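Trainee: Hi! Could you walk me through this one while I have it open?
Mentor: Happy to, just bring it up.

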Amino acid sequence: MSPDMSKQVVARKLEVNGIVQGVGFRPFVYNLANRCGLKGEVANTSSGVVICVEGARSAVEAFTRDLAEQPPPLAHIVEVTSTEVTPAGYTDFSITTSRGEAAMATLISPDVSICDDCRSELFDPADRRCGYPFINCTNCGPRYTIIDDIPYDRPNTSMKHFTMCGPCQSEYDDPQNRRFHAQPNACAACGPRVTLFDNRRNEVQAADPIAAAAELLRRGKVLAVKGLGGFHLAADAQNDAAVTRLRRLKHREEKPLALMAADPASIRSFAAMTIEEERLLTAIQRPIVLLVKKEPNAISKAVSPRNRYFGVMLPYTPLHYLLLAHGFAALVMTSGNLSEEPIAIDNNDAFERLAGIADFFLIHNRDIYLRSDDSIIRHAAGEARLVRRSRGYVPVPIFLKKKVPPILACGAELKNTVCITKGKMAFVSQHIGDLENLPTYDFLDLTIRHMKRILAVEPEIIAHDLHPDYLSTQWALQQPDVEKVAVQHHHAHIVSAMSENRIDGPVIGLSFDGTGYGPDHSVWGGEVLIADAKGFTRAAHLDTVPMPGSAAAIKQPWRMALSYLHRAFGEQYRRLELPLLRSVTAEQVRIIDEMMEKNVNAPPTSSLGRLFDGVAALVGLRTEVAFEGQAAMELEMIAADTVVKPYQAGWTAGDPLRVPTGPIIEAVVSDVLAGQDAAVISARFHQTLIGLFAGLCDALRKASGLQAVVLSGGVFQNAILLTGLIKALEQKRFAVYTQKLVPCNDGGISLGQAAVAAARARR
Ligand code: ZN
Ligand code: ZN
Ligand code: FE
C-alpha cells in the first residue's frame with residue numbers, strides 16, 4: 001500500500017470471543033490502542049469484547065495484529081471478527097463499563113497460580129500487601145471456584161462479602177493498573193483473612209497464623225489447610241510418623257500422597273526432573289507432576305510406597321508460598337477428604353469431616369463455591385498427558401472440529417467428569433470422582449447445574465454410559481423431556497481421543513481399560529474397535545475369562561490369576577508349584593473353581609486391566625489391592641529396563657478376532673517356575689502385548705485399509721505400553737493418535753460421549 005493510504009483514517013470494529021473477561025483484557029486493549037495512537041472504545045457485550053478503533057490504517061493494522069499475538073497471560077482468544085466501519089470521530093480511547101447483558105458469551109478463566117509480580121510484592125517489605133495471603137491481580141488468582149453466576153463481576157463471586165478499601169478501589173478503577181477490574185482484588189485492610197483453629201473449633205491466637213501453622217507442622221501435626229479449590233491435609237513430608245498417621249486416619253492405605261515443595265531446587269533434592277517436567281511444574285496451572293524419585297531421598301517412605309514416582313507440585317496460592325517459606329523440604333498436601341468422598345470446601349463441612357484427621361485447621365473466610373481438585377499430569381512418550389484434569393485447566397474448552405448441538409454428557413462411574421458442549425466448544429468439568437457415594441452424586445448434580453448456569457446452555461441431548469447401573473446413567477435417565485443417547489464405554493474412549501485430535505475416522509481404536517459395559521452384557525476392556533464418531537464394530541478382543549466374585553476379583557487379583565490359570569491349564573493348574581498357589585488356601589481355590597464351573601457370580605470379562613492384575617499376582621507382586629489398577633501399576637513399576645524377548649502370542653481367526661490369554665499365561669508360568677526375575681517377566685509381558693497388538697493392527701489394516709490407530713483407555717496410563725506401542729505402530733507407518741488434553745482414563749469418557757451424541761444427532 002502507498003504511504004498516503006497508510007495515513008488515511010479508517011475505523012474498524014473487532015469482536016473478540018474466548019476467555020477475554022476478568023483476565024486484564026480491556027486494560028490490555030486500552031494500553032495497546034494508546035501505544036498505537038488510536039482512538040475509540042472497548043466494551044464487554046453479549047457477543048464478547050467489542051472494540052472500536054479509529055486512526056491511521058497502518059496503526060489499525062498493527063493494533064489488530066498485536067491484539068491476536070500478545071494477549072495477557074490468562075486470555076484465550078477463540079475468534080476475532082473484524083469489520084470496517086465509518087469513523088465516528090472519537091476524541092480518546094476509553095473503556096466502557098459492562099453493558100446490560102454483558103459477557104454472556106465470554107468464557108470464565110480457570111483458577112491459576114499467583115503471578116510473578118504478585119509474588120514479589122508478597123515478599124517485599126515495602127509493599128502494602130507484604131505477607132497478605134490473598135494478593136492477586138488480573139493476571140492471577142481464583143476465578144472458576146469463586147463464581148456463582150455470570151457475568152464475572154464481583155457481586156457474582158464469593159468476594160461480594162468484602163468491600164474494597166480506598167486504595168484497593170482506586171487500583172480497581174484505574175485502567176493503567178494491574179488490578180483494573182480484578183474482581184478478587186483485596187488487601188489486609190479490606191479483604192479475606194486467615195485464622196488458625198484447633199480441631200475442637202477453638203481459635204488459636206497467633207500474631208501470624210501461618211507461622212504458627214508452620215511450627216505445628218514442624219512438630220509433626222496434621223493440618224487441614226484451605227486452598228483454592230478445596231481443603232488439603234498437610235504434614236511435614238520428612239516426618240514418617242506424621243505421614244503414616246495421616247494415611248491411617250484418612251483411610252488411604254497405599255495410594256501415593258501429593259507433595260508440595262517451595263521451588264524446583266527443593267524438588268531436585270528428592271526427584272529427577274527434565275526440562276519439560278520443570279516447565280509443567282512452573283506453568284500457571286500448577287498441576288501435580290509425576291516425577292521419578294531420586295534414591296536415596298529424605299522424604300518419608302510412607303508418601304509413595306512401591307512406586308517409582310512422586311506426585312509433586314509447586315505452591316500456587318500466596319498462602320502456600322507463605323507456608324512453604326518456613327523451610328520445609330516438602331509438605332504432603334493431599335486432598336482434604338475421607339477416603340473417596342469429595343474434598344471439603346466449606347469451613348463447617350471441613351470441621352465436621354476432617355476433625356478426626358487434622359489436629360489444626362488453617363482456614364479463611366473467602367468461600368469456595370465450586371470444588372476443584374489438583375490436576376495431575378505426566379510426561380510420557382514425548383508429551384504432557386493429563387491424568388486428572390481439574391484445577392487450572394477447567395473450564396478451558398476443548399475445541400471441536402465442527403459446531404454441535406448443546407449436549408450434556410454424564411461420564412462414567414469412576415473418575416467421573418461431565419461435559420457440556422456449546423457451538424464448537426466442549427467444556428469438560430473438573431474431576432468429580434468415583435460415583436460410589438451420595439456426596440459424590442450430589443457433587444455431580446451441583447456441577448451440572450453450575451456449568452449450565454455459567455455457560456448459559458440448556459442441553460437438548462443427554463449422553464450417558466450404556467451401563468444401566470452407573471449413578472451417572474441414572475442421573476441422565478431421570479431428566480425429563482430430553483433426548484437421551486446411550487454410548488458404549490470403549491467407543492467413548494476412542495471418540496474422546498478422536499475429538500481432542502480433531503479427526504473423523506474411521507480408525508482402528510485400541511480401547512484398553514479395567515471395566516466397561518459391553519452390548520453383550522459382558523465386561524469389556526481389551527477391545528480393538530473399528531470406529532468413527534457415530535458407531536463402531538468390535539474387530540478384535542481379548543478372550544473372555546470369568547471374574548470369580550465379580551467386583552471382588554478387582555480387589556483381589558489372586559482370583560483373576562486363578563481364572564487365567566484355569567483357562568490355560570484346565571483343572572490341572574492346581575498342581576503347579578506356584579508361590580501364588582501356596583499363598584491361598586485349598587478352600588479358597590475350591591470356592592473359586594466352583595464359581596467358575598457353575599458360572600455363579602463369575603461374569604465373563606475381556607479386560608486387559610484384569611490380565612495385568614492376574615500377571616501381577618502370578619509373579620508374586622500382590623494378591624490384594626487397595627485401589628483399582630494398583631497391581632497393574634506396580635507391574636509396570638518393576639519392569640526391567642533391558643531388552644527382553646517377548647513371549648509367543650497371537651490371535652485366532654473369526655469375527656471378531658480373539659486374542660487368547662492361555663499362551664501368555666503359560667509362558668509367564670514357565671518363567672516363574674524357572675525362577676525368572678519378576679522384573680524380567682514384567683518386561684517380557686509388556687513387550688508381548690506391544691508386538692501382539694501392533695501386529696493385530698497390521699492385519700486389520702490389510703483387511704480395512706485404515707491407516708490411523710487411536711490409543712485410549714486407562715491401561716494407556718502405563719508408559720511402557722504407551723511408548724512401546726506408539727513406536728511399534730509408527731515403525732509400521734501408522735498415524736497414531738493418543739490423549740493429551742483429557743485423560744485416557746475414565747476422566748475423558750464424557751468428552752467422547754458428547755462427540756458420539758453429536759455425530760448421531762447430525763441427521
Ligand atoms: Zn498477580
Ligand atoms: Zn484493600
Ligand atoms: Fe474406561
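Trainee: Where is proline 646 found?
Mentor: In this predicted model, proline 646 sits in the loop between H20 and E26.

Trainee: Which loop does proline 656 lie in?
Mentor: Proline 656 lies between helix H20 (630-638) and strand E26 (657-659). The bond to look at there is the cis peptide joining aspartate 655 and proline 656, with omega at about 0°.

Trainee: What about the bond between glycine 505 and proline 506?
Mentor: That peptide bond is cis, with an omega of about 5°. Proline 506 belongs to the loop that runs between helix H14 (489-500) and strand E21 (507-517).

Trainee: OK, new topic, backbone angles. What is phi for histidine 521?
Mentor: Histidine 521 has a positive phi of about 70°, although it is not a glycine. You will find histidine 521 in the loop between E21 and strand E22 (523-531).

Trainee: Is histidine 521 buried or exposed?
Mentor: Histidine 521 counts as exposed, because its relative accessibility is 60% and the cut-off for exposed is over 50%.

Trainee: And histidine 251, what is its phi?
Mentor: Phi of histidine 251 is near 60°, again a positive value in a residue other than glycine. Histidine 251 is in the loop between helix H7 (240-250) and strand E9 (259-260). With a relative accessible area of 48%, histidine 251 is partly exposed.

Trainee: Let's go to H23. How many residues has it got, and how far does it reach?
Mentor: H23 covers residues 719-731, so to speak 13 residues, and it reaches 18 Å from its first C-alpha to its last, close to the 18 Å expected.

Trainee: What caps its N-terminal end?
Mentor: Asparagine 718 does, with a side-chain oxygen 3.0 Å from the backbone nitrogen of isoleucine 720. Just after H23, arginine 733 takes a positive phi of about 65°.

Trainee: Which residues of H23 are buried?
Mentor: They are Ala719, Leu721, Leu722, Gly724, Leu725, Ile726, Ala728 and Leu729.

Trainee: Now pockets. What volume has the second largest pocket, and which residues lie nearest its centre?
Mentor: Its volume is about 490 Å³. There are 25 lining residues, and Gln285, Gly392, Tyr393, Val396 and Leu741 lie nearest the centre. Strands E15 (383-388) and E16 (398-404) are the elements that give two or more residues to that lining. By class, the lining of the second largest pocket has 18 nonpolar, 4 polar and 3 charged residues.

Trainee: Why does the second largest pocket lie between domain 1 and domain 2?
Mentor: Because domain 1 (3-105) and domain 2 (194-364) both give residues to its lining.

Trainee: Last one: how many cavities of 30 Å³ or more are there?
Mentor: The search of the whole structure finds 3. The largest cavity has a volume of about 130 Å³, and of its 19 lining residues the closest to the centre are Pro133, Leu228, Thr317, Pro318 and Arg366. The second largest cavity comes to about 100 Å³, and its lining divides into 6 nonpolar, 8 polar and 2 charged residues.

Note on methods. Residues numbered from 1 in each chain as written. Chains lettered and ligands numbered in written order. Predicted model: local features only at pLDDT ≥ 70, side-chain atom pairs only at ≥ 80, totals over all residues. Heavy atoms only, no water. Helix = DSSP H or I, 4+ residues; strand = E, 2+ residues; numbered from the N terminus. Expected span 1.5 Å × (residues − 1). Buried < 20%, exposed > 50% of the residue type's maximum accessible area, 1.4 Å probe, protein only. Polar contact = N/O pair within 3.5 Å; in protein donor to acceptor, adjacent residues only side chain to side chain. 1 Å grid on protein atoms, 1.4 Å probe; cavity = no way out; pocket = protein on both sides within 12 Å on 5 of 7 lines; lining within 4 Å. Points joined across faces, edges and corners; volume = space filled by probe spheres on them. Nonpolar A, V, L, I, M, F, W, Y, C, P; charged D, E, K, R; others polar. Domains from an automatic or database assignment.
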